[in-house]
Amino acid sequence: MILPEEKYLSIQLSTKWLTDFFNIDSQVADYINIPIFIVGLIVICFVAWILTKKLIVDTIHKLFLKSKMTWDDILIEKKIFDKLSYIIPALLVIFAVPSILREYPILSNYIVTSAMIIILLVIIWTIIALLAVFDDILSKSPVFKGKPITSYIQVLNIMVYFIGGILILSLLLGKSPFYFLGAMGAMTAILLLIFKDTILGFVASIQMSVYDMVRVGDWIAMPKYDADGDVMSINLSTVKVQNWDKTITTIPTYAFITDSFKNWRGMSNSGGRRIKRAIYLKVSSFCFCDDQMLEQFKKYALIRDYIVQKEKEIKKSNSALIDNESNPVNIKSLTNIGVFRVYAENYILSNPKINSNMTHMVRQLDPTSKGMPLEIYCFTYEKEWEKYEVITSDIFDHLLTIMSQFQLEIFQEPTGGDFRSLVESPRQKADVPPLYSQS
């Protein structure tokens, strides 16, 4: 076993040829030996790093690329082993410098401490990269699909940075890590203020995950933040939503706990997407159906059977009345609005793109100043927005167009042209001469 004194003598002998060649004094030579060996150590560390990278890291990369697993490809993509290769030169410095600079303990201590800090930084760097690997793997896993994995990874990143910072401070100042932990207790209030959004976001992420409130890919609507689109990502502090106009809205994560929002996931998972739209009809256009109207309605295949059946029921009911012809009030008859309501419902059910297994109806709502709303309520098989709008438009195009065949009118507020026609019409009929005409 070689003692430190013997190592130092061997170092002096190995550099004696330099002092003899340049005729340098022995005391000056001691100061020359230090930079020579430091430069030599740097060269050795560089060679060790190259050998580690070429022999070990490249070999591991080749083995991982040949495997059929995907997680090892992510390790290569994140350059985990490239980062670890920096530890080898730092270890050489830690073990070699105390022997080389035995006569200069302060300088030796600074260099060794710097090397240890480098190792800590490399370890922190590697752990952060590993957490990013876990984030990629878990996010692509069907088990964790839609879960806010990124939020938890970000919390672990903060913990790694916090612990790493304490260890680096303890090395620089020569204090125990517990000393800094004790000092941090007095700064709790300041830390809570600084990391308020982070803490709120972390708590919100846990609640969102436990109650399955929001997932990546969900269609949400949050009017307060003008957000209406698909969730792109969920992290510790923000949730990104891509709106339908391709803009991106960033919402604080804790806002999903404190504010209300609409999640359309239930619609996506169900058997259809709801149509709920009303047509406003003029009440003055409602009337009883005469024989001519009923004969016309019998030509429509969708309500032919309904008209025939209702005529039998009405005839049977009216035959029991004593004076049914002299008093029309006592006579039962169909109305154009009632027949049209049945026609609209049968038309919806005849559409193969409407899910008849889900709730479907055509109902009358409370009359308003704009007329009586006739609401169409049903569900389409198609959930995609564009296809859904096409189906809805086709239904209402037909109903609005055929409504005149039932002698029904749609309410429309009068425009300036309507008032102008009312004013000009009497003048044209009266054929009044010009105001300043001469006889």
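# Helix 16 and its surroundings

The axes of helix 16 (residues 336–350) and helix 17 (residues 385–402) come within 11 Å of each other and cross at roughly 155°. The model you are looking at is predicted, so local features need pLDDT of at least 70 and side-chain atom pairs count only at pLDDT 80 or more, while totals for chains, interfaces and linings use all residues. Residues are numbered from 1 along each chain as its sequence is written, and side-chain values use heavy atoms, leaving out hydrogens and water.

- Two packed helices are described by the angle between their axes and the distance between the axes.
- Here, axes are lines fitted to C-alpha atoms, for helices over the stretch in contact, and angles run from 0 to 180 degrees between N-to-C directions.
- Helix 16 and helix 17 are therefore roughly antiparallel to each other (angles over 145 degrees count as roughly antiparallel).
- Helix 16 passes helix 17 in a right-handed crossing, a term for the near helix being turned clockwise from the far one by less than a right angle.
- On the helix 16 side, the contact (heavy atoms within 4.5 Å) is made by Phe340, Tyr343, Ala344 and Tyr347.
- Helix 17 brings Asp394, Ile395, His398, Leu399 and Ile402 to this contact.
- The residues of the contact divide into seven nonpolar, one polar and one charged; Ala, Val, Leu, Ile, Met, Phe, Trp, Tyr, Cys and Pro count as nonpolar, Asp, Glu, Lys and Arg as charged, and the others, Gly among them, as polar.

**Helix 16 itself**

- Helix 16 has 15 residues and reaches 21 Å from its first C-alpha to its last, close to the 21 Å expected at 1.5 Å a residue (the expected span is 1.5 Å times one less than the number of residues).
- Among its buried residues are Asn336, Ile337, Gly338, Val339 and Phe340; buried means under 20% relative accessible area, exposed over 50%, and partly exposed in between, using a 1.4 Å probe and protein chains only.
- The cover over the buried residues of helix 16 includes strand 6 (273–281), strand 7 (361–364) and strand 8 (372–380).

**The whole chain**

- The chain has 18 helices and eight strands; helices (H or I, at least four residues) and strands (E, at least two) are DSSP runs, numbered from the N terminus.
- Buried residues make up 32% of the 439 residues in the chain.
- Of the contacts between residues at least 6 apart in sequence, 64% join residues at least 24 apart.

**Residues brought together from along the chain**

- Glutamine 296 sits in helix 14 and is partly exposed, with a relative accessible area of 30%.
- Serine 268 belongs to helix 13 (residues 265–269), and its C-alpha is 9.7 Å from that of glutamate 382, 114 residues apart in sequence.
- Valine 93, in helix 6 (residues 87–100), counts as buried at 15% relative accessibility.

**Two loop residues with positive phi**

- Aspartate 226 has a positive phi of about 55° although it is not a glycine, and its place is in the loop between strand 1 (219–222) and strand 2 (227–234).
- Lysine 246 has a positive phi of about 70°, again without being a glycine, and lies in the loop between strand 3 (238–243) and strand 4 (248–252).
- Aspartate 226 is exposed at 65% relative accessible area, and lysine 246 is exposed at 64%.

Terms used: Parallel < 35°, antiparallel > 145°, perpendicular 65-115°, else oblique.
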